[in-house]
Amino acid sequence: MRDMDYLNLLSHEFPSARSCAAEMINLNAILALPKGNEFFFSDIHGEYESFIHLIRSASGVVKAKIEDVFGSLMTEEEQSKLAHLIYYPNEVLITMKHSGEIADGWYERTIHQLVMLVREVSSKYTRSKVRKKMPEEYGYAIDELIHTDESEPDKRLYYNEIIKSVAKIEVADDFIIALAELIQSLLIDTLHIIGDIFDRGPRADYVMDELIKFRNVDIQWGNHDVSWMGAAAGNTTCIATVLRIATGYNSFDVLEDGYGINLRPLSMFADKIYKNDECKCFWPHLLDDNEYDSVSPSLAAKMCKAISIIELKLSGQLIKRHAEFQMNDRLLLDKIDYEKGTVLIGDKEYKMKDMNFPTIDPKNPYKLTDEEEQLVETLKISFLHSRRLQKHIRFLYSHGSIYKKYNNNLLFHGCIPMDENGEFIVLATDEGKYRGKDLMDFFEEKIIDAYFADEFDEPEKKRYGVDLMWYMWAGPISPLFGKDRMATFEHIYLEEKELAKENYNAYYEFSKQSEYCDKIFEEFEMNPEISHIINGHVPVKVVKGEKPVKANGKLYVIDGGLSKAYHRRTGIAGYTLIFNSHHLALAEHTEYDRKGDNTPKMYVTEMLPRRLLVRDTDIGEELKKRIFDLEELIECYRIGLIKEHERG
């Protein structure tokens, strides 16, 4: 049965059989092109400098392409200089001008080199797609240069005249910048971010700005992302969580300069309440310097303590409000003996490292003081009214999801919760019981409700969604968290390290076995023979011999620790997974050095049996459906069900 309403709408775009046929020719040609390059990143954690460098260098692919094209024509030093120009064209040009490095003929020679690279990296795309990535003002000139056959004398003269004209009219700098950015854009066709953009590192807002520039990007939310999303939706526990981590990692620039969050009320409150308290348990991790809002470590520690106590109170209120969370083991403020200085965990008492609790009423430890209530409300208003934060969160929603199926890869940040027998854990709620894929879909629906449900028309729906955002951050059956508990209290207050241990969900052991990966593929209706799971969340400790590829190549764990906080534990600085038309490859990052080469070590992990074409991809399936629809429309034109109405 034809969908005549749809075909009538389609006829406005293609008003004749001839226009349908022309589009079908175009689409069939696209299906025969090689598949575009997919890049996968995970756990960026605000490390904007290293992330932006990896994006601009395509995780080392730019340098590899330069070697392919100019390997025998340029020295290694010349190749490195050209690569650096492509990564940072504006900065390099300014530096070269100041140092007098630009000699006669340099512009013409460099433009020629960049055009040769554009030809190389654009060969797998249609001319139309490449043109769309060009800046409008130089689109014609660049298009002519990359498609001119220089073997013909007349064409070579034409080619050289374009380059000379660019240099003569003093737009060569802009032209070089345009070519460099075009190369960057063509090398990364699709960008996948497997969660945790936020926290720990200095400027997650800069990372978000970079992602927004991309034409084709998707994000699978991580637990650190969802805590910020919850904060932006007004969840005060998430707000306290975000602020505890930010003050604990000296990340004041991202809050105040990046998102305009007014921290003065918190700093004044903390300084007043903990004026004579050294707050040793809350001393910040000084991994990065702030450029705009330098806060002394002693004040940062006071602020961290103040907001940590508030977080423990608010999370306790949430846990008590939702028995279905099954998180009563996290209610520890009421287990403290405020006279003895101990806390009861299980059936054993442990000595507390800090017992200065001026804002806690031992008889009602989860109740905020009046000052804390006022502070929390002030902070909530600041988060809700931050235009830049709300813009970034909306982008996370519009381009994000809990999981994504794409080109036979299953992408998600954390886990598919499993029990000790390898069965999918069931979460019982008032709305029903959920496991496996249904559990992921349930949480995604609630995350959307938290931000988009109307608080006046759907107050219960909104409230439950907002509350559940914190559970997604720290809940034992949260697929984004993937651990049995968030041991914040134990980390801060107890000497016994074993008490602070957070046990990973059984998924992380079972998923190392190919049969359990197959079980997950079947749950998500994917072909186990050709599919992969791509995970973040758990740093791969290369220094301990761990490998990112597991389960006979069916599982990729690509969190190698881009964040500086993980470098000692992992021994590297993260991974990029690259999936092109020939193979899957991992780029192993080095610790970012502004003056260093920073080119990742790349190795192929899986060769494909044949080169993948667009027809083999999810986009190819969409194009095939489009071709079928056009065939249907042509048939309707042929038998007169729809009238052709081409003008002229």
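**Exercise 1. Is Glu144 buried or exposed, and what does Glu144 touch?**

Solution. Start with the number: Glu144 has a relative accessible area of 19%, so Glu144 is buried, because the cut-off for buried is under 20%. Keep in mind that this is a predicted model. Next, find the spot: Glu144 sits in helix 9, residues 139–146. Now look for partners. Leaving out residues up to four places away in sequence, Glu144 touches Arg127, Tyr158 and Ile162.

**Exercise 2. Work out where Tyr87 lies and which residues Tyr87 touches.**

Solution. Find helix 5, residues 76–87, and you have found Tyr87. Its relative accessible area is 4%, so Tyr87 counts as buried. Skip residues up to four places away in sequence, and the contacts of Tyr87 are His53, Arg56, Ser57, Val62, Lys63 and Gln184. Now try Met352: Tyr87 and Met352 are 265 residues apart in sequence and 51 Å apart in space, going C-alpha to C-alpha.

**Exercise 3. Describe how helix 13 packs with helix 14.**

Solution. First, grab the geometry: helix 13 (residues 223–232) and helix 14 (residues 236–248) pack at about 125 degrees, and their axes are 7 Å apart. That angle makes helix 13 oblique to helix 14. Then get the handedness: helix 13 passes helix 14 in a left-handed crossing. Who makes the contact? Helix 13 brings His224, Ser227, Trp228, Gly230 and Ala231, while helix 14 brings Cys238, Ile239, Val242 and Ile245. Sort them by class and you get six nonpolar, three polar and no charged residues.

**Exercise 4. How far does helix 17 reach, and how many of its residues are buried?**

Solution. Helix 17 (residues 297–321) has 25 residues. From first C-alpha to last it reaches 36 Å, close to the 36 Å expected at 1.5 Å a residue. Now the burial: 19 of the 25 residues are buried, so helix 17 is largely enclosed by the rest of the structure.

Conventions:
Residues are numbered from 1 along each chain as its sequence is written. This is a predicted model: local features need pLDDT of at least 70, side-chain atom pairs count only at pLDDT 80 or more; totals for chains, interfaces and linings use all residues. Side-chain values use heavy atoms; hydrogens and water are left out. Axes are lines fitted to C-alpha atoms, for helices over the stretch in contact, and angles run from 0 to 180 degrees between N-to-C directions. Helices (H or I, at least four residues) and strands (E, at least two) are DSSP runs, numbered from the N terminus. Angles under 35 degrees count as roughly parallel, over 145 as roughly antiparallel, 65 to 115 as roughly perpendicular and the rest as oblique. A crossing is left-handed if the near helix is turned anticlockwise from the far one by less than a right angle, and right-handed if clockwise. Contact means heavy atoms within 4.5 Å. Ala, Val, Leu, Ile, Met, Phe, Trp, Tyr, Cys and Pro count as nonpolar, Asp, Glu, Lys and Arg as charged, and the others, Gly among them, as polar. The expected span of a helix is 1.5 Å times one less than its number of residues. Buried means under 20% relative accessible area, exposed over 50%, partly exposed in between (1.4 Å probe, protein chains only).
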